Amino acid sequence: MTTSSSVSVRSAAGRTRLFFWEEVVQDWQTGREQERHSAFSEYIARNLRALREGAAQEAGTVPSMRSVHRVPMRDDSVERLPGQYIAEHHTLTLFGLHQHAASEPVHRPGTGLGTACLLLRHSGAITQAAVERRLIAAATAQDLHELVQHLQRLVPLLRQAGIGLDYTRLFRELARWDEPDRNRVLRSWGLQYTDPGTPAEADGETPAKERTPYWGAFDPGSPDAGAELAALRSGTGREPGTVAAMWAFHRTRMASEWRNKGSLTRDLFAEHNVLTLFARHQQTHSRPMHIAGNSPGKAAGLLARKAAMESEGRAGAAALERRFGALLTSADADELAMHLRSFIPLLSQAGVGLDYDLLRTALRTWDDPRRPDAATGWRQRWDRDFHVAATS
């Protein structure tokens, strides 16, 4: 078990001292330098006991914890405690549970909750399914109180596996949980947890090989197929990266800095939408609906030809062509995804497959300012595919 050689000393508004968990790291480092017999000073040990006493108590009601708070109490906070004070209380009590009986500091700058759960999964201390259940339970908490309850059950598992956590980061995340910025917190947890890592390359320049996307490896005969598709469908219309049930199916590679920030990139946007579209397309079929080479134009053309041969006749084919034309005029990737959501059920009903690798690339590049001609290229290609498929 190792710890960072430097203490996080980032300043915070109104804060003139380190957070207590940062003081613990500093105290431990001082003890090592002085070859102190005990891992922590009496001051630290005493306050850690106070934190554990406050685990089931309301913020501001534990006298022994008041000296370890760093968020100041305002004069007008008698009736209502500041949100940051409440978040610090919960962070302190979680830290107390985590640090209990550990010989080294468990505050690890840079280790977010998603990363900690990924390390827990790799440790083998509990099964992958068990880790994901606990992380998803935390991520789907309706309010801060429920979130803390889930974290109180997760933190002891991290302690047993010797895995630390960035408590300064956790404090900020708890403070934002009941605010609109929660989605960024969720996305950062999911991106950290699904980080595939970067394998070492011999020359340092060879790009990491991307894992096969979910739709490319999907097995309709798998006993888990139905539950997996249902989890993916739950993300329809929701902000990419914020749907905990989908996290296990993401394969997007991203720089660690972006993962930690919960960045919403074009790659993540495209993968999220393709996963939800594929799940809606695949749900009733016993054969894969990911068909390489079937562009949206070709799939729409096959659908129009089928409509023309059946009772709907030419009127049905013309209606499909108009609908496909509206898709082609999408001004941006969001509008394209919206049209695809209404188009996919038609393909599913007719049993017509779609190339989801190609669709992901299209969604990623449709309105990319670095590729100003991308949308025009896709429109021309898909329009040509449509007429070839509809008339052949």
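**Figure 1. The surface and overall extent of the predicted model.** In this predicted model, the protein exposes about 19,000 Å², of which carbon and sulfur atoms supply 49%. The C-alpha trace spans about 85 × 55 × 45 Å along its principal axes, and of the 392 residues in the protein, 48% are buried.

**Figure 2. The helices and the contacts of the protein.** The protein contains 17 helices and 0 strands. When contacts between residues at least 6 apart in sequence are considered, 72% of them join residues at least 24 apart.

**Figure 3. A view of helix α4 and its packing.** Helix α4 covers residues 113-123, and its buried residues are L113, G114, A116, C117, L118 and L120. After α4 comes G124, a residue whose phi is positive, near 80°.

**Figure 4. Confidence along the chain.** The average pLDDT of the protein is 89, and 90% of the residues score at least 70. Among the elements, helix α16 (residues 356-365) has the highest mean pLDDT, 98, whereas helix α14 (residues 313-328) has the lowest, 85. Over residues 1-13 the pLDDT stays under 50, and the model has 30 contacts for this stretch beyond four places in sequence. Residues 199-208 also have a pLDDT below 50, and this stretch has 7 contacts in the model beyond near neighbours in sequence.

Methods. Residues numbered from 1 in each chain as written. Predicted model: local features only at pLDDT ≥ 70, side-chain atom pairs only at ≥ 80, totals over all residues. Heavy atoms only, no water. pLDDT = per-residue confidence, 0-100. Helix = DSSP H or I, 4+ residues; strand = E, 2+ residues; numbered from the N terminus. Contact = heavy atoms within 4.5 Å. Buried < 20%, exposed > 50% of the residue type's maximum accessible area, 1.4 Å probe, protein only. Areas by Shrake-Rupley, 256 points an atom, 1.4 Å probe, with all protein chains shown as cover.
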